[in-house]
Every structure is written in C-alpha cells, then in structure tokens.
Amino acid sequence: MISAPAISAQRVAWARRARSPTASLVDGPLEITVFDVLQLHDVFERVKTGLGPFARMPGVIGLTIVVRGRDIGRGGSEAVEIEVVARTVDHPISIRCVRQSGQAAIELAAIALK
C-alpha cells in the first residue's frame with residue numbers, strides 16, 4: 001500500500017509535468033525548457049553561458065535543464081527552480097536548485113556540476 005505522502009508527492013510531480021512549457025530551446029547537446037518565466041531571452045542566455053560549457057565536456061552526452069518560476073499565488077515566496085540532468089557515459093547526474101532569482105539558481109547549479 002502506498003502512503004498518503006507518497007501519493008501526494010506523485011500528484012505534485014504529475015501536476016508539474018502536465019503543464020506545457022512557456023518555451024524550449026535545443027542547442028546541440030544542451031536542452032533548455034522553461035515554465036512560467038517571462039524573461040525568456042535573459043534566461044536562455046544565462047543558462048547557455050553558465051551551464052552550456054558542461055554540455056560540451058568530454059563524456060557528457062547531453063544536458064537537460066528545466067527552469068520553473070514558482071507559483072506565488074498560493075502564498076509561497078517568489079523563487080526560481082532549476083533542475084539539471086547531465087547524461088554522461090558513466091552515469092547520470094541530477095541537480096535541483098531553488099533560489100530567489102534565476103541567476104542565483106543558475107550559478108548554484110554550475111557550482112554543483114563542477
């Protein structure tokens with residue numbers, strides 16, 4: 001039997017994936033998908049600059065990045081969430097960062113990937 005918190009977590013994960021993205025960009029091995037963010041050009045450029053070099057490293061097959069603006073309509077604080085999945089020849093690497101600004105989240109993800 002699956003516990004109530006597990007069911008709740010599954011519903012939240014499904015609800016996140018169910019919405020269609022605001023925009024997406026594929027640049028070689030770098031895939032960027034953005035949800036609920038209005039400054040798309042700025043986000044794409046910062047992600048390409050901050051995380052793009054990792055996509056071109058030896059042994060990296062691809063880098064998938066999902067950027068989400070947090071929903072502040074339900075009383076939460078404004079924040080940006082970034083999920084990074086690096087597909088490598090050895091094993092995948094997954095990172096999730098939440099910060100108050102997109103730039104801070106991108107910088108934290110880059111530090112974690114190093």
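Two strands pair if DSSP finds at least two bridges between them. Helices (H or I, at least four residues) and strands (E, at least two) are themselves DSSP runs, numbered from the N terminus. The model described here is predicted: local features need pLDDT of at least 70, side-chain atom pairs count only at pLDDT 80 or more, and totals for chains, interfaces and linings use all residues. Residues are numbered from 1 along each chain as its sequence is written, and side-chain values use heavy atoms, with hydrogens and water left out.

The protein chain has three helices and five strands. Along the sequence they follow the pattern α-β-β-α-β-β-β-α. Of the 114 residues in the protein chain, 31% are buried; buried means under 20% relative accessible area, exposed over 50%, and partly exposed in between (1.4 Å probe, protein chains only). The accessible surface of the protein chain comes to about 7,400 Å², and carbon and sulfur atoms hold 56% of this surface. These areas come from the Shrake-Rupley method with a 1.4 Å probe; for residues, only the protein chains shown count as cover. A contact means heavy atoms within 4.5 Å. Among the contacts in the protein chain with a separation of 6 or more, 38% are between residues 24 or more positions apart.

Strand 1 and strand 2 run antiparallel and are joined by five bridges. Within this pair, S24 has T33 of strand 2 as its bridge partner, and D27 stands opposite L30 in strand 2. The hairpin formed by strand 1 and strand 2 has two residues between the strands, and G28 there takes a positive phi near 65°. Strand 2 also pairs with strand 3: six bridges join them, and these two strands run parallel. Here L30 stands opposite L63 in strand 3.

Helix 2 comes next. Helix 2 covers residues 40-55 and has a kink of about 45° at T49, shortly before the proline P53. The bend at a residue is the angle between axes fitted to the seven residues ending there and the seven starting there. The buried residues of helix 2 are V43, F44, V47, L51, G52, F54 and A55. They pack against strand 1 (23-27), strand 2 (30-35), strand 3 (60-69), strand 4 (80-88) and helix 3 (102-113).

In soluble globular proteins, nonpolar side chains tend to be buried together. A nonpolar core is a set of buried Ala, Val, Leu, Ile, Met, Phe, Trp, Tyr and Cys residues joined through side-chain atoms within 4.5 Å. The largest such core in this model has 24 residues, and those with the most contacts inside it are L51, L63, I65 and V84. At least two residues of this core come from each of strand 2, helix 2, strand 3, strand 4, strand 5 (93-99) and helix 3. Helix 2 gives the most to this core, with six residues.

L51 is in helix 2 and counts as buried because its relative accessibility is 0%. Leaving out residues up to four places away in sequence, L51 touches R46, L63, I65, V84, I106, A109, A110 and L113.

I111 counts as exposed because its relative accessibility is 58%. The C-alpha atoms of L51 and I111 are 60 residues apart along the chain and separated by 9.6 Å. I111 and G50, 61 residues apart in sequence, are also 9.6 Å apart, C-alpha to C-alpha.

E81 lies in strand 4 and, at 3% relative accessibility, counts as buried. The side chain of E81 makes a polar contact with the side chain of R96 (2.9 Å). T88 is also found in strand 4. A polar atom of the T88 side chain lies 2.3 Å from the backbone oxygen of H91. Not counting residues up to four places away in sequence, T88 touches G59, V60, I61 and I93.

Note on methods: Polar contact = N/O pair within 3.5 Å; in protein donor to acceptor, adjacent residues only side chain to side chain.
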